[in-house]
Structure formats: structure tokens, C-alpha cells
Amino acid sequence: MEKKLVDQEISSYIIQFQEEELKRIATELHEGIGQTLYGIYTSLGFLETGLDQPEMKQYMQETALLMEKTINEVRMLSVELYPPALEIGLVPAIKSYAKLFTSTYGIIVEIESSGTPQDISKSGKLVLFRVCQEALANIAKYAGTSCASIIIEWEPSLVKMQIQDYGEGFDLKEALKKTSGLAAMKGRMDLGGGTFSAESEIGKGSAIKVSLPLEQPS
Amino acid sequence: MINNTGEEQQVLRLFDQLRERISIDFVALAFQNVKGTDITWRYAAGNSNDKYKRITVRYGKGVAGKVILTGRSILVEEFPHNISGTVLDYPIMLAEKLVSVYAVPLFPFNHPKGVLLIGRRNKAIFTKREQLDVQMFAEDLESIIMI
């Protein structure tokens with residue numbers, strides 16, 4: 001029993017450390033490298049105005065375009081690692097990520113939030129966001145579907161989230177035996193003090209259901 | 001997405017010719033939009049769903065993104081084995097359940113602006129001859145596509 005508690009504490013520490021690193025890298029990409037690249041991009045525009053040769057102007061425009069694409073990719077990479085919208089709230093962060101997910105994988109994600117959004121701890125927001133990210137990644141990899149839905153229900157002392165697809169489904173028992181995304185989601189929810197369950201039926205789709213108790217203000 | 005009927009008809013005709021020449025399950029063309037820097041899949045044939053229409057190619061990511069970044073063709077023989085990056089870096093292959101693909105760049109005005117991609121849903125080698133055919137079709141497409 002004591003060993004299990006120690007293991008849980010170690011896992012929590014590792015996850016927290018990883019999350020802090022991801023946030024640091026995301027911030028560095030967005031505010032450090034991203035801003036520097038933007039500075040170069042505006043300088044290229046300025047330099048272009050001083051060019052007379054049409055070929056050189058065209059070359060400079062293409063270089064600026066390349067820089068713009070790189071800036072966009074750095075921004076998207078940063079959002080994938082740690083969405084800035086998470087600082088605003090869970091639902092805005094999930095909406096922001098779902099938009100990026102649709103434009104990357106072509107899968108439409110419908111988001112429904114009911115009840116009054118409650119205060120949720122930073123670690124709680126991260127746990128739910130990462131589970132959502134993992135569930136959507138599994139849908140892109142295995143579900144073979146064009147749409148998915150995320151339902152978030154706010155209760156006074158609990159937040160519930162369901163990520164559902166109507167795709168191919170899978171053998172749940174087999175999937176849980178492997179070190180898979182499902183195991184990772186369950187592990188995160190366990191460590192965060194929440195619950196996790198998965199349902200799936202071949203040919204009908206699957207659903208990930210999680211819940212997390214909300215910290216009561218003292 | 002450009003809605004140009006003439007362009008669409010010409011591209012789809014070329015796709016048909018390509019499919020008569022090479023046994024493939026899927027063929028698609030991604031190209032930079034007229035406005036902005038986004039590269040989207042404009043046309044496809046043999047698609048099993050409409051996900052390609054919503055996908056924006058990410059610069060440097062996946063088959064198409066890497067073709068645009070490097071300006072070189074890319075061959076994937078047996079997805080997801082021996083790929084660089086992770087499975088999630090290959091959206092069009094996941095969307096269409098492709099196993100083997102060959103993708104070549106389109107170079108209007110000497111800059112890579114688009115990608116012609118052919119794919120099969122089973123493991124199958126694309127011969128040198130087939131690869132050359134695709135490169136020729138890509139050159140034909142360069143003159144059709146509205147930039």
C-alpha cells in the first residue's frame with residue numbers, strides 16, 4: 001500500500017515536471033523564437049521596399065512568405081504543446097485545440113458545454129485537457145470517422161467530460177491490456193483524483209468518459 | 001478553396017489519365033491558396049471521405065508538408081513503418097488509410113507551391129517508371145493550376 005502511494009507520488013512528480021517543461025518550451029517558441037522570427041519578417045518587408053530589380057523583389061517576397069509559414073508553424077507547435085487559452089479556461093483551450101485538430105486531420109469536433117463553468121485548479125485543467133488531446137489523437141489514428149464530439153458538464157462540485165466518436169470502435173479488453181493511450185488517460189485521471197471509463201463497440205464507435213471533483217473554496 | 005470549374009475539370013481529367021496509367025487508390029493535389037500562405041488539398045479522386053477538404057497542410061509536417069519544405073519528392077513504402085516522426089504527423093495517410101504513397105512537388109515560378117500525391121491502401125512498391133510518370137503529370141498540372 002505504501003509502495004503504491006510512493007509510486008503515485010513519483011508519477012505525479014514526473015508528470016508535473018514534464019508539464020512545466022512543455023509550458024516552458026511552448027512559451028519560448030511563442031514569445032521567444034516566434035517574436036524573433038516576426039522581427040525578421042517585418043525587416044524583410046522593409047528591405048523589399050528598397051529593391052529595384054523585379055527578380056530580387058520576387059525573391060524577397062518568397063522569402064517573406066517562407067518566414068510567414070514558419071511563424072505559423074511555430075505558433076501551432078506552441079499551441080499543441082501548451083495552449084495559451086488554458087490560462088483563460090478549460091473550454092476555451094479545448095475549443096482552440098479542436099480548431100487546430102480539425103484543420104490538421106479534417107475531423108469535425110463538436111463541443112458542448114452545459115452548466116455553469118466552475119473554478120478549476122491549474123492541474124485539474126491540464127489533466128482534462130491532456131485526456132482530451134489523447135482521446136482526439138486516438139480518434140485521428142484509429143476511429144476512421146469524420147466527426148467527433150466533446151461534451152462537458154459542469155456540476156457544483158464535479159466536472160464531467162465525454163469524448164465520443166461514431167467510428168470503427170475497438171476491442172476494449174485488448175486495448176486496455178496494452179500500454180496505450182487509454183492506459184495513459186486512465187493513469188492521468190487516477191493521479192488527478194478523478195474517474196475514467198471507456199466504452200467501445202466494433203462498428204459503432206467509442207466514448208471516453210472522465211470526471212474530476214472540483215476543489216471547494218475554503 | 002478555389003472554385004474554378006475549368007481548372008477542376010482539367011485537373012480531374014488528368015487524375016483519370018494518371019489512374020489509367022498507374023494502379024492507385026487515391027490521388028490528390030494540394031496547393032497554396034491564392035490569399036495567404038495556407039496550403040490545402042484542392043482536388044482528390046478515389047477519396048473514401050471528405051476529410052481532405054478540411055485539412056490544411058502544415059509546413060514541414062507529414063508527406064505534403066515535407067515535400068513543400070524540401071522541394072523534393074517523398075516515398076513512403078509501408079506506413080506506419082520506417083517513418084520519420086510519429087503516425088500523427090501524417091494526416092492525409094490517416095484520413096485515407098493509405099499504406100504506400102509517392103508525393104512530388106509542383107514548382108510554378110521555381111518555388112514549391114503544391115504537392116501531387118498518389119497512394120495505395122495496401123503495401124505496394126511504386127516503380128521508377130511510375131514515379132517518372134507522376135513527375136510528368138505534376139509538370140502538366142503546374143500549367144493548369146490557378147495561383
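Modeller: Before we start, residues count from 1 along each chain as its sequence is written, and chains are lettered from A in the order written. Since the model is predicted, local features need pLDDT of at least 70 and side-chain atom pairs need 80 or more, while totals for chains, interfaces and linings use all residues, and side-chain values use heavy atoms, without hydrogens or water.

Colleague: Which domains does the assignment give for chain A?
Modeller: The bounds come from an automatic or database domain assignment. For chain A that gives domain 1 (2-81) and domain 2 (84-213).

Colleague: How much area is buried between domain 1 and domain 2 of chain A?
Modeller: Buried area is the accessible area (1.4 Å probe) that two parts lose on being put together, summed over both. On the domain 1 side, E19(A), V79(A) and E80(A) lose the most, together 47% of what that side buries. Carbon and sulfur atoms give 58% of the total, which is about 1000 Å².

Colleague: Which residue forms a salt bridge with R130(A)?
Modeller: A salt bridge here is a side-chain nitrogen of Lys or Arg within 4 Å of a carboxyl oxygen of Asp or Glu. Between the two domains of chain A the count is three. For R130(A), the closest N and O atoms are 2.9 Å apart, and the partner is E19(A).

Colleague: Are α4(A) and α6(A) roughly parallel or antiparallel?
Modeller: Helices are DSSP runs (H or I, at least four residues), numbered from the N terminus. Helix α4 (residues 122-143) and helix α6 (residues 181-191) of chain A pack at about 170 degrees, axes 10 Å apart, with axes fitted to C-alpha atoms over the stretch in contact and angles running from 0 to 180 degrees between N-to-C directions. Angles over 145 degrees count as roughly antiparallel, so α4(A) and α6(A) are roughly antiparallel.

Colleague: Which residues of α6(A) does α4(A) meet?
Modeller: Contact means heavy atoms within 4.5 Å. The α4(A) side includes V127(A), L128(A) and R130(A). They and their neighbours in the contact meet G181(A), L182(A), M185(A), R188(A) and M189(A).

Colleague: How many salt bridges are there between chain A and chain B?
Modeller: The contact takes 26 residues from chain A and 20 residues from chain B. About 2100 Å² is buried between the chains, 54% of it on carbon and sulfur atoms. E62(A) forms a salt bridge with K113(B), closest N and O atoms 2.9 Å apart, and the count between the chains is five.

Technical notes: Helices (H or I, at least four residues) and strands (E, at least two) are DSSP runs, numbered from the N terminus. Angles under 35 degrees count as roughly parallel, over 145 as roughly antiparallel, 65 to 115 as roughly perpendicular and the rest as oblique.
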